[in-house]
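Please look over the sequence and the structure shown here before reading on.

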Amino acid sequence: MLRTTTSTVDGKQISEYLDVVAGEAIMGTNVFKDFFGAIRDFVGGRAAAYEKEMGKARAIAFKEMEEQARELGADGVVGIDIDYEVVGPDGAMMMVSVSGTAVKFR
């Protein structure tokens with residue numbers, strides 16, 4: 001399925017706008033990731049554990065969005081927006097949400 005953050009696709013003409021589709025994933029973080037992430041933030045560098053969890057959450061959210069689009073008979077999703085949020089008590093969870101418009105192409 002074609003996915004894009006743009007509202008148009010070069011070489012394709014949208015024949016029908018079906019509906020807004022979305023996917024969300026909320027991932028809990030554990031004490032060890034928090035601890036090592038804080039050390040990494042203090043000394044600089046990248047927090048690989050967080051990056052890995054964010055990647056998993058993004059993949060889940062995209063999968064959910066695509067499943068909704070397929071159920072509508074879509075060929076693609078345009079205008080995709082990706083949001084990252086920290087939620088829960090003391091920011092103990094991270095949420096990734098994606099949304100876009102399911103479309104059919106000519």
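In this predicted model, Arg70 and Glu66 form a salt bridge in which the closest N and O atoms are 3.6 Å apart. Because they are four residues apart in helix α2, Arg70 and Glu66 are separated by about one helical turn. Arg70 counts as partly exposed, at 48% relative accessibility, whereas Glu66 counts as buried, at 12%.

Glu66 also forms a salt bridge with Arg3, with the closest N and O atoms 2.7 Å apart. Since Glu66 lies in helix α2 and Arg3 in strand β1 (residues 2-3), this pair ties together parts that are 63 residues apart in sequence. Arg3 is partly exposed, with a relative accessible area of 42%, and Arg3, Glu66 and Arg70 are thus linked in a network of salt bridges.

A search of the whole structure finds three salt bridges, one of which joins the side chains of Glu53 and Lys56 at 3.4 Å, N to O. Both Glu53 and Lys56 lie in helix α2, three residues apart, about one turn of the helix; Glu53 is buried, with a relative accessible area of 8%, while Lys56 is partly exposed, at 39%.

Leaving aside residues up to four places away in sequence, Met65 touches Val21, Ala22, Gly23, Val77, Ile80, Val98, Ser99 and Gly100.

Key:
Residues numbered from 1 in each chain as written. Predicted model: local features only at pLDDT ≥ 70, side-chain atom pairs only at ≥ 80, totals over all residues. Heavy atoms only, no water. Contact = heavy atoms within 4.5 Å. Salt bridge = Lys/Arg side-chain N within 4 Å of Asp/Glu carboxyl O. Helix = DSSP H or I, 4+ residues; strand = E, 2+ residues; numbered from the N terminus. Buried < 20%, exposed > 50% of the residue type's maximum accessible area, 1.4 Å probe, protein only.
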